[in-house]
Amino acid sequence: MRAVRLAPGAGTRRAGEVTLGVAGVLGVVALWELYKLLGPDAGASVGELRVLPRTSDLAMPHVWDMAARLAEPLTAAPGAPVLWLAVLRAGLTSLGIAVAGWVVGVWVGLALAVGMARFTLAERAVLPLVVLSQTVPLIALAPLVRSWGSRLTLGTLAWEGWMSVAVIASYLAFFPVAVGALRGLQSPDAIHRDLMRTYGVGWWATLVRLRLPASVPYLLPALRLAAANAVVGTVVAEVSTGLPGGVGRMILEFANFASSDPAKPWAPLLGAVLLGLVVAALVAALGVPLARFRRAEVAA
Amino acid sequence: MSAPATVPGPVVAHGAAVAVEVHGVSRVFGRDGTAVAALQDVSLTVGAGEFVSLIGPSGCGKSTLLRLVADLDRPTAGSITVFGRSAEQARLAHDYGIAFQQAGLLPWRTVRANVELPLALHGVGRAGRRARADHLLELVGLADFAGHFPDQLSGGMQQRVAIARAIAEEPSLLLMDEPFGALDEMTRERLQVELVRVCAQTRAAVVFVTHSIPEAVFLSDRVVVMSPRPGRITSVVDVGLGAARGDGLREDAAYFDAVRRVREALHGGSDVPSRGVETR
């Protein structure tokens with residue numbers, strides 16, 4: 001029955017989306033090359049302030065140069081891996097950390113939301129802190145988390161650098177989940193709450209049968225936001241804690257080659273974009289089995 | 001279908017079998033300064049198996065009274081018993097089923113799963129739930145739609161699912177708050193006939209809130225007429241149209257007579273000009 005609802009034009013719409021996505025990427029490439037072609041070589045400045053970037057090959061390498069650089073070895077050293085492979089490996093490392101941070105953040109956010117939905121007092125006390133927590137600059141937080149973590153030993157498990165990064169990623173990820181899930185948990189209509197009351201069931205049964213399912217349409221966008229936040233948090237925390245192996249550190253390292261090998265610093269940026277896309281796809285996949293909880297969105 | 005045991009008319013006198021007993025109930029909303037008396041000193045007895053409608057203009061407290069009986073709200077003064085228990089005990093014992101103006105189905109559950117919801121919450125096994133839901137959907141004529149989702153049904157069909165859900169646990173009391181209020185007239189009349197049939201089978205007492213005089217008369221053994229500011233019962237009209245109600249009844253002289261009597265009671269006197277029936 002759900003298929004019936006989706007069937008008309010679903011296939012053509014999917015094809016249309018793909019075409020549009022490809023056109024978007026090509027559009028960015030065309031814009032880049034067009035500006036590089038037409039823009040002044042030294043850019044444009046108003047007084048001290050540069051308002052248009054330089055278009056030299058050093059500042060804006062050709063798209064095809066960047067692509068070609070990906071196929072070349074990482075360094076001149078013998079046995080060095082090809083650049084795209086190195087970026088891919090770094091991307092996978094960061095992906096693992098981001099996913100770990102996302103999972104922790106989602107659970108923390110959900111727990112906070114359930115607690116706030118259960119106790120009005122908790123909502124009034126905790127929600128301002130949750131909002132406040134996001135105003136702490138990440139750069140200030142990263143060294144603190146690392147130094148706290150290094151003093152932690154969990155039984156036989158030693159605290160590792162990537163864990164600090166995951167914690168920072170989760171710190172950014174939990175926020176949209178906490179806020180979105182809280183709204184979702186509070187979303188059921190009075191009629192549904194009344195109905196559960198007439199059934200004489202307790203708060204937990206109402207949570208499982210009514211509030212959690214009703215929160216899904218609010219939760220899915222929150223999970224997407226959390227994923228994006230986890231990626232940003234991972235990349236930034238890799239830079240600020242100096243964790244090697246990930247895309248964040250690679251961006252920092254490759255920035256040194258800006259003058260000698262101008263196409264190289266763009267490779268890890270591409271990796272970071274890819275990382276974001278993969279995480280977004282993972283969350284989108286999560287929404288598929290939850291589709292029936294989103295029926296309220298299409299209902300009359 | 002054989003005539004049910006329910007005797008129409010003044011069932012109250014039959015003593016022992018009392019479904020709902022409302023005694024001197026008041027409900028005041030707000031604080032001292034801005035207090036509004038939604039209900040003032042209301043007393044009402046509904047016999048077992050009796051169909052009682054509450055009718056009156058907006059703000060007369062008919063829905064408030066229903067919510068008090070359902071223990072969705074507490075009275076400021078007075079007492080309410082349901083089958084000899086307090087309203088809260090009755091609610092926790094699942095003594096009644098309830099239906100609202102909106103169907104209030106859970107959109108992520110299929111029709112069958114919606115009907116099964118109260119059974120699932122109260123620990124009925126999977127096989128028992130399924131059998132019961134199939135039977136109920138048969139009863140309301142939606143057997144073919146068990147696998148559909150609520151948003152695939154019309155408003156009338158959704159309301160029928162809600163009624164099936166309300167009687168899922170075979171309650172001996174059914175509380176209905178304008179369940180057909182949002183439906184078109186034709187759907188409404190068809191569901192009224194269906195409700196009469198369902199009630200004859202389940203023999204449940206019904207407290208039915210409505211603002212339609214024909215609906216109240218068609219369905220009820222007694223019509224309780226209320227008036228606002230403060231909400232109170234102004235009169236009770238015995239309808240007594242017999243148990244075998246069908247669409248033919250709507251053109252019966254006795255039916256028109258009962259409609260006239262309810263309308264006169266609503267307008268607080270006998271000198272009512274014979275204009276439109278609706279009192280919305």
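Guide: A residue is called buried if 20 or more other C-beta atoms lie within 10 Å of its own, exposed if 12 or fewer do, and partly exposed in between, with the C-beta atoms placed from the backbone. This is a predicted model, in which local features need pLDDT of at least 70 and side-chain atom pairs count only at pLDDT 80 or more, while totals for chains, interfaces and linings use all residues. Residues are numbered from 1 along each chain as its sequence is written, and chains are lettered from A and ligands numbered from 1 in the order in which they are written.

Visitor: What percentage of the 300 residues in chain A is made up of buried residues?
Guide: Chain A has twelve helices and four strands in its secondary structure, where helices (H or I, at least four residues) and strands (E, at least two) are DSSP runs numbered from the N terminus. Its C-alpha trace spans about 75 × 60 × 50 Å along the principal axes. Of the 300 residues in this chain, the buried share is 33%.

Visitor: Which helices of chain A are included in what covers the buried residues of H10(A)?
Guide: Helix H10 (residues 247-254) of chain A is mostly covered, with six of its eight residues buried. Those buried residues are A:Val247, A:Gly248, A:Arg249, A:Met250, A:Ile251 and A:Phe254. The cover over them includes helix H4 (83-118), helix H9 (203-241) and helix H11 (266-287) of chain A.

Visitor: How many nonpolar residues does the contact of H4(A) with H11(A) have?
Guide: The axes of H4(A) and H11(A), which are lines fitted to C-alpha atoms over the stretch in contact, with angles running from 0 to 180 degrees between N-to-C directions, come within 9 Å and cross at roughly 40°. H4(A) is therefore oblique to H11(A), given that angles under 35 degrees count as roughly parallel, over 145 as roughly antiparallel, 65 to 115 as roughly perpendicular and the rest as oblique. Residues are in contact if their C-beta atoms, placed from the backbone, lie within 7 Å, and among those that H4(A) and H11(A) bring together are A:Leu83 and A:Val87 of H4(A) and A:Leu274 and A:Val278 of H11(A). With Ala, Val, Leu, Ile, Met, Phe, Trp, Tyr, Cys and Pro taken as nonpolar, Asp, Glu, Lys and Arg as charged, and the others, Gly among them, as polar, this contact has no charged residues, three polar and, as nonpolar, twelve.

Visitor: What word describes how H6(A) and H7(A) lie to each other?
Guide: On helix H6 (residues 138-150) of chain A, the residues meeting H7(A) include A:Leu138, A:Leu141 and A:Val145, and their partners include A:Val167, A:Ile168 and A:Tyr171. By class, this contact has eight nonpolar, two polar and one charged residues. The axes of H6(A) and helix H7 (residues 161-185) come within 9 Å and cross at roughly 135°, so the two helices are oblique.

Visitor: What distance separates the centres of domain 1 and domain 2 of chain A?
Guide: Chain A is divided into domain 1 (1-60) and domain 2 (62-298), with bounds that come from an automatic or database domain assignment. Taken over C-alpha atoms, the centres of these two domains of chain A are separated by 25 Å.

Visitor: Which helix of chain B gives the most to the side of domain 1 that touches domain 2?
Guide: In chain B, domain 1 is made of 12-95 + 171-266 and domain 2 of 105-170. The contact takes 13 residues from domain 1 of chain B and 13 residues from domain 2 of chain B. On the domain 1 side there are nine nonpolar, three polar and one charged residues. Six residues on that side, the most from any element, come from helix H6 (residues 185-202) of chain B.

Visitor: Which helices of chain B give two or more residues to the side that touches chain A?
Guide: Between the chains, 20 residues of chain B are in contact with 20 residues of chain A. The chain B side divides into twelve nonpolar, six polar and two charged residues. The elements giving two or more residues to that side are helix H2 (87-92) and helix H3 (111-121) of chain B.

Key: Contact = placed C-beta atoms within 7 Å.
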